[in-house]
Amino acid sequence: MAEIIFDSRNQFFKTPQGAVKAGTELTFRLLAAQELHPIAVRLIIQYDRHDMPAVYEMNGGMETPAQTDDYLEYFVTFRIHDTGLYWYHFEVLTDDGLLRVGRDESNRAVLSEEPAAWQQTVYDRAYAAPEWIYGGVYYHIFVDRFHKSGRPRVRMEGKTNRHDWGGMPEWKPKKLKVLNNDFFGGDLEGIREKLPYLASLNVTCIYLSPIFEAYSNHKYDTGDYEKIDPMFGDEEDFRALCASAEEYGIRVICDGVFAHTGSDSKYFDKYGHYGTDGAYENPDSKYRNWYFFHEDGTYDCWWDFRTLPKINKHNPDYIEYITGENGIVRKWLKAGASGWRLDVADELPNDFLDALVRAAKEEKEDALIVGEVWEDASNKIAYEERKNYFEGNRLDSVMNYPFRTALIDFVRYGNANGLAQTVETVVENYPPEVVHCLMNVLGTHDSIRIITALAGVELGTDPPRDMQAEIKMNDAEWAQGIRLLKIASLLQMTLPGVPCIYYGDEAGTEGYKDPFNRTCYPWGHENKELLNWYQKVTTLRTSHGIYRCGAYRTIAAADGLFAFERYADANHADDDAFASIITAVNCGEHEQHLPLEGQWTELLTGYTYEGTVTVFPGDALLLEKN
């Protein structure tokens, strides 16, 4: 018998659930075993910005109902008004001394001398949530490799125009360097031509990899924030893309790379391509203080890449250039963008991020700001600074990499509990408005292709590039990959947040790390089975209002079975569009039984179930309550 019972994700023990708005009344309940003979029970809360904790004496000591009459119930109710993070645990005073109660890895209560705390997020939004993305679908495009229009190709010195669409990107070093200077011809006009295709996937938001002038094909080495790279088009092409996308109900967000520029840029100009005002050769350059130079002529770089000089993001001139009235953030929103994805958001200081978000929201009230964060973003600390992304005046949401890791671990290896814990942690720690905007990724330009991650040969953490270039999936791996990707994408479409399709994943594109995950979209050679599946599941998603902002509840997470319900919360209880839908997936080795009440329709097949549903290994069911 457990000595203490508390579960922050159970409505009985904590109300309301998850993150709360400032000023919300909170109620905590705890059950203590009578055999402990409690004298007093206390809730200890440590505010992230204070040194001393707050101590709340819990009321009660009453016997619980007959079915749990071995326990005494304690409770406390209060309000929290200041936004930020709070960490809490419990203390139980007994005749034998003081017992401390914290959380274990499954979020349940456990006695410990040094208890792990539960997290309480308190927020107060300064800006309206960008609700246009709720219930939608992101589509991530690496511009050079998606689709090329019929326009004449631009030729530029030092860059190679490839004419073998679908060929292997250059990966071998030249003079000990990987140049990333080969271009297949994808451009903004090419994306505009494929808008009907994106509409067939029910895409509501295109996330573009960087499009501004830069030397490389990936464009993370910005040369000029004010210009579209000529290999991709010009500003008029960007405006035309945004305007045409809007006609399909699709918005466009840009990739903001503000932690560094390229060494070959008008700001740094290491090679003298731009004139005489670059910071590298000109100590009097207006850009000189944007960077970190040393007396010996060296400079700080982003992760030691000499082509990526690090920016001083506290520099007021740089902040003004990016976030000012005539700054970069506003310029491209005025040109038609609906928001920004922020590269390495944890490297952007809070004051810079505050100014950036303020500029975006003032320019376009419903602008979407999504950060690249690889961990739990709610409690992220970077460079000795608590980021507080979700306190209310910073990020709308983030890329959900924890989701990707846990989902692959479940689909490939059957770790249902790991996926459930990851999802529940995100839902608990993130404000609901953040959850509804989450960019739920399975693949990105920084990760191996999802079909390879699910069924390809595992090469370890840092495989040699020649190995990555040579290994391809065989027929058996392909069959397994298609089956598992269907399961993974169904989960992606129905879990809280917004699914993000990395271009070509829906067509079966394989590949390991950069640049092998950045091959061309296989127009005319798509895997039709996968493509038809994606069109089907994105339609199911966007046609059911429950996926817009419905609540989440884990039903089963053990022995390879993961089942969860999306259901109407108190705000939508009377809305017929918010019917209950259960996703049930068995990635284990044995059949599992899911007890349900009433009659349910399986949306993928149209079959009707009543009572207990048997979920066989490999099954992925989508059950709607009749």
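Residues are numbered from 1 along each chain as its sequence is written, and side-chain values use heavy atoms, without hydrogens and water. Because the model is predicted, local features need pLDDT of at least 70 and side-chain atom pairs count only at pLDDT 80 or more, whereas totals for chains, interfaces and linings use all residues.

Q: Which strand gives the largest share of the lining of the largest pocket?
A: On a 1 Å grid over the protein atoms alone, a pocket is an open set of points with protein on both sides within 12 Å along at least five of seven lines, a cavity is a set where a 1.4 Å probe fits but cannot get out, and lining residues have an atom within 4 Å of a point. Grid points are joined across faces, edges and corners, and a volume is the space filled by probe spheres set on the points. The largest pocket has a volume of about 1,700 Å³, and the closest to its centre of its 48 lining residues are Asn180, His218, Phe305, Thr307 and Leu308. The largest share of this lining, four residues, comes from strand 21.

Q: How many charged residues are in the lining of the second largest pocket?
A: This pocket holds about 1,200 Å³ of space, and among its 34 lining residues Gln17, Val427, Pro432, Ala551 and Asp569 lie nearest its centre. Ala, Val, Leu, Ile, Met, Phe, Trp, Tyr, Cys and Pro count as nonpolar, Asp, Glu, Lys and Arg as charged, and the others, Gly among them, as polar. By class, the lining has 15 nonpolar and 10 polar residues, and the charged residues number nine.

Q: Which helix gives the most to the lining of the largest cavity?
A: There are six cavities of 30 Å³ or more, and the largest has a volume of about 70 Å³. Its lining has eight nonpolar, two polar and no charged residues. Helices (H or I, at least four residues) and strands (E, at least two) are DSSP runs, numbered from the N terminus. With four residues, the element that gives the most is helix 8.

Q: Why is the pair of Tyr56 and Phe78 classed as it is?
A: Rings of Phe, Tyr and Trp (its six-membered ring) pair if their centres lie within 6.5 Å; planes under 30 degrees apart count as stacked, over 60 as edge-to-face and the rest as tilted. Tyr56 lies in strand 6 and Phe78 in strand 8, 22 residues apart. Their ring centres are 4.1 Å apart and their planes stand at 15°, so the pair is stacked.

Q: Is Phe268 buried or exposed?
A: Buried means under 20% relative accessible area, exposed over 50%, and partly exposed in between (1.4 Å probe, protein chains only). At 0% relative accessibility, Phe268 counts as buried.

Q: Which strands stand at the edges of the open sheet of eight strands?
A: Two strands pair if DSSP finds at least two bridges between them. The order of this sheet is 26-23-22-19-16-13-28-27, with parallel pairing. Each edge strand has a single partner strand, so one side of each is left without a neighbour in the sheet; these are strand 26 and strand 27.
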